[in-house]
Amino acid sequence: MVSKVENSVAAGPFTPMALGPLTLKNRFVKAATFEGVMPLGQVTDALVDFHVEVAKGGAAMTTVAYCAISPGGRVHRDTIVLDAERARALRRLTDAVHREGALACAQIGHAGLVANTLSNRTPSLAPSTRVSAPAMGLVRAATPEQLEKVVGQFGIAARNAVEAGFDAIEIHMGHGYLLSSFFSPNLNKRTDAYGGTTARRAELARRVAEEVRTAVGESVAVTAKFNMDDGVRGGFWLTDSLSTAQLLQADGHLDALQLTGGSSLLNPMYYFRGPVPLDEFIASQPAVVGLGLRVLGRRLFREYPFEEAFFLPLARQFREALTMPLMLLGGVNALATARDAVADGFEFVVMARALLRDPQLVNRFRGREATSGLCVHCMKCMPTVYSGTRCVVRG
């Protein structure tokens, strides 16, 4: 017989929870994982189906990734730019998700040093001038005037997200993208209002959060994907990230922080964990890029063993320091992890690979048909972002 205490703990991840003006039906959120089915940034049936499947599977909210605020802010040419035209096209995605009883979130951002400028055929921006491998060349430091424009573009994209029917907006402040790169003492060498001290390196992100909140008011939830640790020597780490998170909390523009780490620019495996699928990466790329990966791939893709809830030790530091809602990300694969996270005071758990492998996993957790996901952490899903993100084991 299950005790009352066990029943209470078991119910934890399945209880409703407020997120700003929203009430999520449970604590499970699908993380932003680039879907790879938006040729030239178009909204396709495959993109809609990707998120409907997650919604049917029981997650309270699914996140569309990645919606750029401008053409120069795309990761590459097959990234959505969240302009008015795409907002109208995305309405059928949000409507379809809502019909399944789930909510929809749009991740918005500027890729910065992670933008492929050759694919985009337009320059990108950086806090300080440097060579970027993803950009395949030099990215120049943004001027104050350019940064002013970026802040405004975040506001426009946020308003477009509301027009598209999204319930929440996630500002991308992680993984070496533009806002994240400004946090980093390794990447940000500026001496103006956007560089130097921890607070000044946080200024751009703080202004963006304020602009987004002003643009949408209290009509939707506003969250941020936030790096706790870049996983790079001399990068953003707890000595800076904890106090930066406290600044964002004090500003009061965000309804939650989704805690992450790693750098798409310098150390992408830090936020994936598992074996590096280098052969598959090489096969997915044009010949010249594949040759470069053969030479430099092992240096760029450092390998980290998978551990359940691998960001939890860092995230606990933030739970101790902050009162705002927090979303635990990183290797959440087991129901026990979700239970423990809620018991530890994390309002939401965010899942990526586990739901790629089995979009029905939340329903199966709830129905006591499963206690753990089927993901084997092989990481072979990573290279599929170029042909439609999927679990290769699932097929």
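**Entry 1: Leu40 and the ground rules**

I began with Leu40, which I found in the loop between β3 (28–30) and α2 (45–56). For the names of such elements I took DSSP runs, with helices being H or I of at least four residues and strands being E of at least two, numbered from the N terminus. I noted that this is a predicted model, in which local features need pLDDT of at least 70 and side-chain atom pairs count only at pLDDT 80 or more, while totals for chains, interfaces and linings use all residues. I also noted that residues are numbered from 1 along each chain as its sequence is written, and that side-chain values use heavy atoms, with hydrogens and water left out.

Is Leu40 buried or exposed? I recorded Leu40 as exposed, because its relative accessibility is 56%. The classes I used are buried for under 20% relative accessible area, exposed for over 50% and partly exposed in between, with a 1.4 Å probe and protein chains only. Leu40 is not a glycine, yet I read a positive phi of about 55° for it.

**Entry 2: Other backbone features**

I kept in mind that most residues other than glycine have a negative phi, and that most peptide bonds are trans. Ala309, also a residue other than glycine, has a positive phi near 55°. I located Ala309 in the loop between α11 (287–300) and α12 (312–321). Ala309 counts as buried because its relative accessible area is 9%.

Which residues does a cis peptide bond join? I found Ala65 and Tyr66 joined in this way, with omega about 0°. Tyr66 belongs to strand β4 (residues 61–68).

**Entry 3: The chain as a whole**

I listed 15 helices and 13 strands in the chain. The radius of gyration is 20 Å, close to the 21 Å that the globule rule gives for 395 residues, so the chain is as compact as a globular protein of that length. The radius is taken over C-alpha atoms, and the rule is 2.2 Å times the number of residues to the power 0.38. I read the spans of the C-alpha trace along its principal axes as about 65 × 45 × 40 Å.

Of the 395 residues in the chain, 61% are buried. I noted an accessible surface of about 15,700 Å², with 54% of it belonging to carbon and sulfur atoms. Such areas come from the Shrake-Rupley method with a 1.4 Å probe, and for residues only the protein chains shown count as cover.

I took contact to mean heavy atoms within 4.5 Å. Among contacts in the chain with a separation of 6 or more, 72% are between residues 24 or more positions apart.

I placed Leu103 in strand β6 (residues 103–109). Leu103 is buried, with a relative accessible area of 17%. How far apart in space are Leu103 and Met61? I read 4.5 Å from C-alpha to C-alpha, although the two are 42 residues apart in sequence. Leaving aside neighbours within four places in sequence, the contacts of Leu103 include Leu22, Ala60, Val97 and Asp167.

I placed Ser181 in helix α6 (residues 178–183). Ser181 is buried, with a relative accessible area of 0%. Beyond its neighbours within four places in sequence, Ser181 is in contact with Leu113, Pro127, Gly176, Leu187 and Asn188.

**Entry 4: Salt bridges**

I counted 13 salt bridges in the structure, each being a side-chain nitrogen of Lys or Arg within 4 Å of a carboxyl oxygen of Asp or Glu. Arg316 and Asp344 meet in one of them, at 3.4 Å from N to O. This pair links distant parts of the chain, with Arg316 in helix α12 and Asp344 in the loop between α13 (335–343) and β13 (348–351), 28 residues apart. Arg316 is partly exposed, at 44% relative accessible area, and Asp344 is partly exposed at 36%.

Arg319 forms a salt bridge with Glu347, the closest N and O atoms being 3.0 Å apart. Arg319 lies in helix α12 and Glu347 in the loop between α13 and β13, so this pair ties together parts that are 28 residues apart in sequence. I recorded both Arg319 and Glu347 as buried.

**Entry 5: The UniProt record**

I looked up the UniProt annotation, from an unreviewed entry, "domain: NADH:flavin oxidoreductase/NADH oxidase N-terminal", which covers residues 14–248. UniProt positions are given in the numbering used here, feature names are shortened, and annotations may be inferred rather than shown by experiment. I read residues 14–248 as 37% helix and 20% strand, with their end C-alpha atoms 28 Å apart.
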